[in-house]
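Here's a quick briefing to read alongside the model. Have the sequence and the 3D view open as you go.

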Amino acid sequence: MVDYSKWSHIDVSDDEDDTHPNIDTPSLFRWRHQARVERMDEQQKERERLQKEKDDRKKRLEQLKKLMEETETTETDAEAVQKRLDQLHIEMGELKKQDTHFKEKEEELLKKERLTPWNVDTLSHDGFTKTIINKPKKQSKKSPDDESFSTEFMNKHEEEIKKFGMLKDYDASSNFLRHRTHLVCEATANYLTIWCITLECQEKHDLMKHVARQTILMQYVLELGKQLNRDPRACFAQFFQRLKFADKQYLDAMEDEHQQFMSRVRERAKIRMERIMKEIEEEEKQKRLGPGGLDPVEVFESLPLKLQQCFEKKDIPMLQKALAEMPKDESEYHMKRCIDSGMWIPDAKSKGIDATESEENPYETLD
């Protein structure tokens, strides 16, 4: 019987393959890689700090021994020698007490390293490399990495992918994929990621959380296939079987991936909503533009307070009086902007516009 236990401690890879262009978020692999590299860098820095402290301590111990020898051979005053030696012995004793501290730190670091799941950066190293150049073969089918393949696949299997995203336990997910092995691919993971972002934009937070977990499962299956150099369709069943008996540490690591993925989804959903709102505002602004290409809202806000009150009250005599009290150049400037924004229509009566009933342009000419 094959022992699969050695694969239960493998973390998801950070493969840098391109994802489908419809995804408006960095690939899930890149997110994982960045977080894991930061953790590995922090562990490396911690090891280097500990090693530096040990080296400094060793160096200082050697210096103290030399000082003790020099004191015994060069000093003539017995009392001064004894006093100096006592000081050096005290400092040396303090340094030796640090042995326990360094051993505990080393054991803690080793424990962290043992508990850290394997990943693509630590799992293996090249023993040798070999390059074989073959004549290019004519591809009859589209590659799963091809953009048109991903688009066609997601459109064709959208309903099945959504059903997988709604499943609630490992057995159901494994059985579903067993009868639909074509879903075990990058295009499915890409669609689920896009769907999570869409659900978050729609404020369907609970459903997003559930679909996000299914997305993580699919990514784990794909990554395991790459690490084992096997087709993921041939190993997803073993993955789900092992998952049912996984220890708490492995499940906690998966939950951590789940939480990080949801954080990135929320961030991308926020960016998407901001972009959509900006597009809507720009579209509304374009609809509001007057005959001169100015926005009536912006023009109104730029008017002096007295003129704003006139327009708010729709009081033409009050407006005429306010303009008469202003310098000619200033009044002409503001009225021209009002006309270009559509807030004021010259000769409204002659154009057949009812100035009293129109809410957007309730003013007649001042002439």
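What follows covers the nonpolar cores and then a few salt bridges. Keep in mind that this is a predicted model. The largest nonpolar core has 41 residues, and a search of the whole structure turns up 15 salt bridges.

**Nonpolar cores**

- Within the largest core, L177, F239 and M254 are the residues that touch the most other members.
- Two or more residues of this core come from each of α3 (147-156), α4 (158-166), α5 (170-178), α6 (186-201), α7 (205-227), α8 (236-244) and α9 (248-288).
- The top contributor is α7, which supplies ten residues.
- Leaving aside residues up to four places away in sequence, F239 touches L217, Y220, V221, L224, Y250 and M254.
- There's also a second, separate core of 13 residues, with L303, L323, M326 and M343 among them.

- D56 and K52 pair up through their side chains at 3.2 Å, N to O.
- Both sit in helix α1 (residues 28-74), four residues apart, or about one turn of the helix.
- D56 is partly exposed at 41% relative accessible area, while K52 counts as exposed at 54%.

**Salt bridges between elements**

- K54 and E106 form a salt bridge, with their closest N and O atoms 2.3 Å apart.
- K54 is in helix α1 and E106 in helix α2 (residues 78-115), so this pair ties together parts 52 residues apart in sequence.
- K54 is partly exposed at 26%, and E106 is partly exposed at 28%.
- E160 and R180 also meet in a salt bridge, at 3.7 Å, N to O.

Terms used. Residues numbered from 1 in each chain as written. Predicted model: local features only at pLDDT ≥ 70, side-chain atom pairs only at ≥ 80, totals over all residues. Heavy atoms only, no water. Core = buried A, V, L, I, M, F, W, Y, C linked by side-chain atoms within 4.5 Å. Buried < 20%, exposed > 50% of the residue type's maximum accessible area, 1.4 Å probe, protein only. Contact = heavy atoms within 4.5 Å. Salt bridge = Lys/Arg side-chain N within 4 Å of Asp/Glu carboxyl O.
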